[in-house]
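Here's a quick briefing to read alongside the model. Have the sequence and the 3D view open as you go.

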Amino acid sequence: MLFRSRELFHHGRWDEAIHELERYLNMSNAPIPERAFAMRLLGKSYLNKNDFKKSHKWFLKATEEESGRREGWIDLAKLLFHQNDFVACIDAIRNGLKDKNINTDWIYDNDCWGATPYDLAAQCFFHTNDFDQAAKFGLKAVKMDSNNKRLKDNLKFYKSLCIKS
């Protein structure tokens, strides 16, 4: 049932995916990582439907279900960033970055282990006027994706703000 739900999600069939994922969670005694993954897919499905309240609810549930795994926290951080809640986004990223154990199971999300968390954090620190932290996290993002021009340009900008302040 979870694999069917995942396929529905990947084909943009949000309502059907939501129905199947909720069914899965209601009847499942599945392992915690799979339950948290289903909750993350629910959060993403609701996000794609622009239902930010339900999306937030499911991302929070995913982090509660499996608090030690990075993916749930970074998904939550992306939503918080989209909502311009930069302080909460930073907190979510910091919680996610506590997970140092890359688990390359089928639930693994490569985006959460690359530059994205550091880039999001840098942008959040910029928006909260903490330019030193923006530069620090911007540098980490560039180290993770050294060919990304936008990340390099952002880092240069953050550093220029550190000099002025």
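Let's start at Lys 152, which sits in helix H9 (helices, H or I with at least four residues, and strands, E with at least two, are DSSP runs numbered from the N terminus). Lys 152 is partly exposed, at a relative accessible area of 40%; here buried means under 20% relative accessible area, exposed means over 50%, and partly exposed is in between, with a 1.4 Å probe and protein chains only. Keep in mind that this is a predicted model, where local features need pLDDT of at least 70, side-chain atom pairs count only at pLDDT 80 or more, and totals for chains, interfaces and linings use all residues. Residues are numbered from 1 along each chain as its sequence is written, and side-chain values use heavy atoms, with hydrogens and water left out.

**Pairs in space**

- Lys 152 and Val 142 are ten residues apart in sequence, and their C-alpha atoms lie 6.2 Å apart.
- Ser 67 belongs to the loop between helix H4 (52-65) and H5, and is partly exposed with a relative accessible area of 47%.

**Salt bridges**

- The structure holds 13 salt bridges, a salt bridge being a side-chain nitrogen of Lys or Arg within 4 Å of a carboxyl oxygen of Asp or Glu.
- One of them joins Lys 44 to Asp 109, with the closest N and O atoms 3.9 Å apart. That pair links distant parts of the chain, 65 residues apart: Lys 44 is in helix H3 (residues 32-48) and Asp 109 in the loop between H6 and H7.
- Asp 109 counts as buried because its relative accessibility is 16%.
- Arg 150 and Asp 119 also meet through their side chains in a salt bridge, at 2.6 Å from N to O. Here too distant parts of the chain are linked, with Arg 150 in helix H9 (residues 149-164) and Asp 119 in helix H7, 31 residues apart.
- Within that pair, Arg 150 is partly exposed at 39% relative accessible area, while Asp 119 is buried at 10%.
- Lys 149 bridges to Asp 153, where the closest N and O atoms are 2.7 Å apart. Both are in helix H9, and they are separated by about one helical turn because they are four residues apart.
- Lys 149 counts as exposed at 59% relative accessibility, and Asp 153 is partly exposed at 40% relative accessible area.
- Shared partners tie Arg 40, Lys 44, Asp 75 and Asp 109 into one salt-bridge network.

**Helix H5**

- H5 is mostly covered, with eleven of its 13 residues buried. Among them are Trp 73, Ile 74, Asp 75, Leu 79 and Phe 81.
- How far apart are the end C-alpha atoms of helix H5 (residues 70-82)? They are 19 Å apart, which agrees with the 18 Å its 13 residues should span at 1.5 Å a residue; the expected span is 1.5 Å times one less than the number of residues.

**Positive patch**

- Arg 94, Lys 100, Lys 136, Lys 140 and Lys 143 form a positive surface patch. Patch residues have over 30% relative accessible area and no salt bridge, and like charges are joined within 9 Å.
- Helix H8 (residues 131-144) gives the largest share of the patch, three residues.
- Lys 100 lies in the loop between helix H6 (86-97) and helix H7 (116-127), and is exposed at a relative accessible area of 61%.

Terms used. Patch = residues over 30% accessible without salt bridge, like charges linked within 9 Å, V, L, I, M, F, W, Y side chains within 5 Å. Areas by Shrake-Rupley, 256 points an atom, 1.4 Å probe, with all protein chains shown as cover. Lys, Arg positive; Asp, Glu negative; His and termini not counted. Charge placed at Lys NZ, Arg CZ, Asp CG, Glu CD.
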